[in-house]
Amino acid sequence: MKDIDKTKRKFEDALFTLLKNKNYHDITINEICALANKTKMTFYHYFKDKDNLLAIASINLINREYDDDYAKILKKESDLEEIEYQSLIVTFNWVSKHYDQIQNLIYKGETLPLEIFKKALYDNYHKYITESISTSGFDIPSDYISIFCFEGLYGTCLYYGEKIKKGESKKKTKEEMKKVCRLLANAVISIST
């Protein structure tokens with residue numbers, strides 16, 4: 001990894017570390033710089049502002065964590081419904097893992113930071129779905145399936161994430177979510193064929 005990439009990554013990691021326990025709007029650039037052990041001048045050399053950092057950091061975090069899991073699924077599975085099911089499980093696990101950070105992007109009704117993050121997550125998911133559909137020969141626009149799956153799954157993931165946060169059984173919640181993902185995978189394959 002180049003020094004420039006390492007420096008940017010320190011800022012990205014600092015932002016997501018702070019987001020675990022603090023609301024996005026309450027995080028200052030000074031705090032990000034202090035945690036990254038970099039100057040404000042360096043911050044502004046690479047990023048226009050905090051929203052710009054969030055947009056770039058979201059894409060990079062999602063690509064790092066998400067794409068590795070998808071690659072593993074595609075190596076292991078050949079059945080389209082199983083690929084879709086496994087990818088939905090990966091999405092649920094990923095949203096659950098970052099639930100606190102996602103919640104800390106919302107502040108007094110201000111959703112722009114959350115929308116920046118959600119767009120990065122959607123773009124990644126859409127890329128995966130488009131590749132799957134184009135290689136399978138389905139005659140349906142990938143946008144329809146991506147939006148159908150992503151919006152339903154994203155909302156459901158947050159709902160189940162909140163249940164886990166409120167003390168519901170993690171095991172029971174994950175089993176319920178697996179059933180939801182199986183139904184959604186069946187629906188996607190039914191729509192596609």
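Predicted model: local features only at pLDDT ≥ 70, side-chain atom pairs only at ≥ 80, totals over all residues.
Let me begin with phenylalanine 11, which, leaving out residues up to four places away in sequence, touches Ile32, Cys33, Ala36, Lys38, Thr39, Thr42, Phe43, Tyr46, Phe47 and Leu53, where contact means heavy atoms within 4.5 Å. Residues are numbered from 1 along each chain as its sequence is written, and side-chain values use heavy atoms, with hydrogens and water left out.

By a nonpolar core I mean a set of buried Ala, Val, Leu, Ile, Met, Phe, Trp, Tyr and Cys residues joined through side-chain atoms within 4.5 Å; buried means under 20% relative accessible area, exposed over 50%, and partly exposed in between, with a 1.4 Å probe and protein chains only. The helices are DSSP runs of H or I, at least four residues long, numbered from the N terminus.

Now to a pair of helices: how do the axes of α1 and α4 cross? The axes of α1 (residues 3–19) and α4 (residues 50–76) come within 9 Å and cross at roughly 90°, and the two helices are therefore roughly perpendicular to each other. Axes here are lines fitted to C-alpha atoms, for helices over the stretch in contact, with angles running from 0 to 180 degrees between N-to-C directions, and 65 to 115 degrees counts as roughly perpendicular. Among the residues making this contact are Phe11, Glu12 and Leu15 of α1, together with Leu53, Ile56 and Arg64 of α4.

Glutamate 12, in helix α1, is buried, because its relative accessible area is 3%. Not counting residues up to four places away in sequence, Glu12 touches Leu53, Ile56, Ala57, Asn60 and Arg64.

Another charged residue to look at is lysine 118, in helix α7 (residues 112–136), which is buried with a relative accessible area of 16%. Leaving aside its neighbours within four places in sequence, Lys118 is in contact with Phe150, Glu151 and Tyr154.

Finally, cysteine 33 is buried at 4% relative accessible area, and cysteine 181 is buried at 0%.

Note on methods
Parallel < 35°, antiparallel > 145°, perpendicular 65-115°, else oblique.
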